[in-house]
Amino acid sequence: MVFVGGMGGLGGGMDVGQPNLSSAKPRGVLELEMRVRDLEHHVARLSLLNQALWEVLREELRLRDEDIEQRAHEVDLRDGKADGEMNGGPVRCPSCNRVSSGKHYKCLYCGQLFEKPLFG
Ligand SMILES: [Zn+2]
């Protein structure tokens, strides 16, 4: 008989009620691993497309990498935190300076339209 896998010697038959030490993973773990792989694939694809888009824009509009870094910093600050992310948190209105929910795309007080995130 041939055992496949590294843990083939464990669980010789008298282990009823013992934790399963074989390489078999619970169904929930396998599903999470699949979701993580799927998300990693999507992130890699989005990164590739972002890079391609940026290179087209940089060439067509004669921009520099510093231009997109500056704009990214400005966009980052819209939710009030310089953390490299857009979190959809509270947004301070550039017109009336009051705070609205980032889930809405206009100021709840004065109606000023906020820049809607294209990829968010
Ligand atoms: Zn406002």
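This report walks through the predicted model shown above, from its overall layout to a few single residues.

## The overall layout

The chain contains two helices and two strands, and from the N terminus on their order is α-α-β-β.

How much of the chain is buried? Of its 120 residues, 2% count as buried.

## How confident is the prediction?

The mean pLDDT of the chain is 80, and 77% of the residues reach 70 or more. In the chain, confidence is highest in α1, at 96, and lowest in strand β1 (residues 91-92), at a mean of 79. Over residues 1-14 the pLDDT is below 50, and this stretch has ten contacts in the model beyond near neighbours in sequence.

## Helix α1

Helix α1 covers residues 27-61. With its 35 residues, α1 reaches 50 Å from its first C-alpha to its last, which is close to the 51 Å expected at 1.5 Å a residue.

Is α1 tucked away or in the open? The number of buried residues among its 35 is zero, so α1 lies largely in the open.

## The loop between the helices

R62 has 8 other C-beta atoms within 10 Å; a residue with 12 or fewer counts as exposed, so R62 is exposed.

L63 lies in the loop between α1 and α2 as well.

## Helix α2

Helix α2 takes in residues 65-76, twelve residues in total. At 1.5 Å a residue, α2 should span 16 Å, and its end C-alpha atoms are 16 Å apart, so the expectation and the model agree.

How many of the twelve residues of α2 are buried? The number is zero, so α2 lies largely in the open.

## The strands and the loop between them

Strand β1 is made of residues 91-92, and β2 of residues 99-100. In the loop between β1 and β2 we find N97. Phi of N97 is near 70 degrees, a positive value in a residue other than glycine.

Is N97 buried or exposed? N97 has 10 C-beta neighbours inside 10 Å, so N97 counts as exposed.

Conventions. Residues numbered from 1 in each chain as written. Predicted model: local features only at pLDDT ≥ 70, side-chain atom pairs only at ≥ 80, totals over all residues. Helix = DSSP H or I, 4+ residues; strand = E, 2+ residues; numbered from the N terminus. Buried ≥ 20, exposed ≤ 12 C-beta atoms within 10 Å, placed from the backbone. Expected span 1.5 Å × (residues − 1). pLDDT = per-residue confidence, 0-100. Contact = placed C-beta atoms within 7 Å.
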